[in-house]
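Dear colleague,

I am passing on the structure we discussed, and I would be grateful if you could look it over alongside the notes below.

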Amino acid sequence: MSCLILIGMMGAGKTTVGKELARRRRMRFADCDQAIVARTGVSIPTIFELEGEAGFRRRETQMIDALTREPDLVLATGGGVVTTPLNRELMRERGIVIYLDVPPQVLFERTRHDRNRPLLQVDNPRQRIEELHRARDPLYRETAHIILAGGRGNPGNMVRQIEEALARYKADTCRP
Ligand SMILES: Nc1ncnc2c1ncn2[C@@H]1O[C@H](COP(=O)(O)OP(=O)(O)O)[C@@H](O)[C@H]1O
Ligand SMILES: O=C(O)C1=C[C@@H](OP(=O)(O)O)[C@@H](O)[C@H](O)C1
Ligand SMILES: [Mg+2]
């Protein structure tokens, strides 16, 4: 089976829900950010500091290209993955792409105490999240095969919703 790819904003739950989804479906799990950290040996904030966002995006595309070739994988992406056109194309072609659509207020609450997201280390992270959400939401929608409202329900609930949506999606796409 091709890979299941989770997209959405920072704090949408891609990493947390993706791990649980993989465990439940007995699939392997990879997180693009964690794979980049493992490869480089430095943190995401350090990559942004040394190479800027553009450098991080180059590494991200290389990693997306490598990881989406693997079958039976649940892949959690970073929130900005859709800003690169090639990533959108690769993900849509090689997997079933699931958008966890979470309102900005919830994203803010979930990320406010975390220092590991360089794009949110600004004076007004709430406003930053709203701006990024406005710019990216159309790209997430354009890339996704499945869109799920992910603002409510714990990660276990989200996994169940994804499994139901996948069953519906497969039934629809198999119909003659
Ligand atoms: N469905 C959920 N309900 C409540 N908290 C969640 C949910 N999904 C994720 N979280 C919490 O939100 C934070 C960000 O989750 P994370 O999986 O890192 O998001 P992402 O990878 O999309 O940026 C973590 O503290 C996580 O425990
Ligand atoms: O939204 C973004 O541009 C980013 C999201 C992060 O991943 P998460 O979405 O898992 O936080 C990480 O890739 C990096 O800090 C950039
Ligand atoms: Mg993540």
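Predicted model: local features only at pLDDT ≥ 70, side-chain atom pairs only at ≥ 80, totals over all residues.

Ligand site

Around ligand 1 there are 15 residues, of which G13, K14, T15, T16 and R110 come nearest. Helices α1 and α7 (155–174) each supply at least two residues of this shell, and it is α1 that gives the most, with four residues. Sorted by class, the shell is made up of six nonpolar, seven polar and two charged residues.

Annotated binding site

The UniProt annotation "binding site", which comes from an unreviewed entry, covers G11, A12, G13, K14, T15, T16 and R117. Two of these positions can be described in some detail. K14 lies in helix α1, which spans residues 14–25, and K14 counts as buried because it has 29 C-beta neighbours inside 10 Å, where 20 or more are required. Leaving out residues up to four places away in sequence, K14 touches L6, G8, A76, T77 and L100. R117, by contrast, sits in the loop between α5 and α6, and with 18 other C-beta atoms within 10 Å it is partly exposed. Once its neighbours within four places in sequence are set aside, R117 is in contact with M10 and T111.

Helix α5

T111 also belongs to the buried set of helix α5 (residues 104–111), which consists of P104, L107 and T111. Viewed down the axis of α5, these buried residues fall within an arc of 55 degrees, so they line one face of the helix. On the other side of α5, Q105 and E109 are exposed, while the cover over the buried residues of α5 includes α6 (125–143).

As background, an α-helix has 3.6 residues a turn, so residues three or four places apart point the same way.

Helix α4

In helix α4 (residues 85–94), the buried residues include N87, R88 and M91. Seen down the axis of α4, its buried residues fall within an arc of 100 degrees, and therefore they too line one face of the helix. The exposed residues on the other side of α4 are P85, L86, E89 and E93. As for what the buried residues of α4 pack against, the elements are β1 (3–7), α3 (44–67), β4 (95–101) and α6.

With best regards

Technical notes:
Residues numbered from 1 in each chain as written. Chains lettered and ligands numbered in written order. Buried ≥ 20, exposed ≤ 12 C-beta atoms within 10 Å, placed from the backbone. Arc of directions from axis to C-beta. Contact = placed C-beta atoms within 7 Å. UniProt positions renumbered as here; feature names shortened; annotations may be inferred. Near = placed C-beta within 6 Å. Nonpolar A, V, L, I, M, F, W, Y, C, P; charged D, E, K, R; others polar.
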